[in-house]
Amino acid sequence: MKVLFIGDVVGGPGRRGLAAAMPGLRERYAPELTIVNGENSAGGMGITEKTANALFDAGCDVITTGNHVYRHREAYEFLDRAERVIRPANYPHANPGRGHVLVEAGGMRVAVINLSGAVQLTVARSPFVEVDAILERLEADAVIVDFHAEVTSEKVAMGWHLDGRVAAVLGTHTHVPTADGRVLPGGTAFISDVGMTGSRASVLGVKPELALRALITNMPTRFESAEEDVWVMGAVVEINQRGLADSIEPVLEPAPPAS
């Protein structure tokens, strides 16, 4: 079974770029499950029902998120009822939304778990302890983990922690694709960060002049998503019948012009 995982979609440019790219990606990779991180899909920060539906319309099956998931208060009720939109499982249990979902794909029961790193991000529980607790009660043939974390050391540690127990640990949040994609010895596909789906003529998806203004002046600055040179970034993981990975391949390509 092939899983297509798409990194953080940034704003309207990212959504439109993904929609334009998906027909070609589906033809090339023939994924049986497509997972998209949508936590920056609404104006470059957060998610709404409208932007989530745009990702589903583009061909997404499951949407993961991260530290900006609660940016838009109008999304809270949607997160509670949208079974295939998940937020970090190690957030407070009472928060809107759920931390994992079980779907049928490729003749398998596939669990998708969303976790947040604890280093420099705010969580209620250790991601390591949380994922162990989830795995103890899950009945799934394969497990995919979106680890939305700040530092590479914590991401790499999670890969080793889950090696042989899940099909893939795919890092998100930092928007810059890393060169360490591989299958670990126990059969878990790992990469520290799959990158973002948005403008490469930007600072992590933000118009450069606005990001520079904020960095140089230390003054509040309203960010806007950059529009030019949109790329789609992610990874394709091939999962075997044992629920482990045979391969991981990065996805790094310019989005075609919107039709």
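Tutor: Helix 4 passes helix 5 in a right-handed crossing, a term used when the near helix is turned clockwise from the far one by less than a right angle, anticlockwise being left-handed. The model is predicted, so local features need pLDDT of at least 70 and side-chain atom pairs count only at pLDDT 80 or more, while totals for chains, interfaces and linings use all residues. Residues are numbered from 1 along each chain as its sequence is written, and side-chain values use heavy atoms, with hydrogens and water left out.

Helices (H or I, at least four residues) and strands (E, at least two) are DSSP runs numbered from the N terminus. Two packed helices are described by the angle between their axes and the distance between the axes. Here the axes of helix 4 (residues 127-137) and helix 5 (residues 152-162) come within 11 Å and cross at roughly 30°. Helix 4 is therefore roughly parallel to helix 5; that label applies to angles under 35 degrees, with over 145 counted as roughly antiparallel, 65 to 115 as roughly perpendicular and the rest as oblique. Axes are lines fitted to C-alpha atoms, for helices over the stretch in contact, and angles run from 0 to 180 degrees between N-to-C directions.

Helix 4 contributes Pro 127, Phe 128, Val 131, Asp 132 and Leu 135 to the contact (heavy atoms within 4.5 Å), and helix 5 contributes Glu 154, Ala 157, Met 158, His 161 and Leu 162. By class, this contact has 7 nonpolar, 1 polar and 2 charged residues. Ala, Val, Leu, Ile, Met, Phe, Trp, Tyr, Cys and Pro count as nonpolar, Asp, Glu, Lys and Arg as charged, and the others, Gly among them, as polar.

The axes of helix 1 (residues 11-29) and helix 2 (residues 49-58) come within 9 Å and cross at roughly 15°. Helix 1 is thus roughly parallel to helix 2, and their crossing is left-handed. Arg 15, Leu 18, Ala 19 and Met 22 of helix 1 meet Thr 51, Ala 54, Leu 55 and Ala 58 of helix 2. These residues divide into 6 nonpolar, 1 polar and 1 charged.

Strand 12 (residues 230-239) and strand 13 (residues 245-254) pair in the antiparallel sense over 9 bridges, where pairing requires at least two DSSP bridges. Val 232 stands opposite Glu 253 in strand 13.
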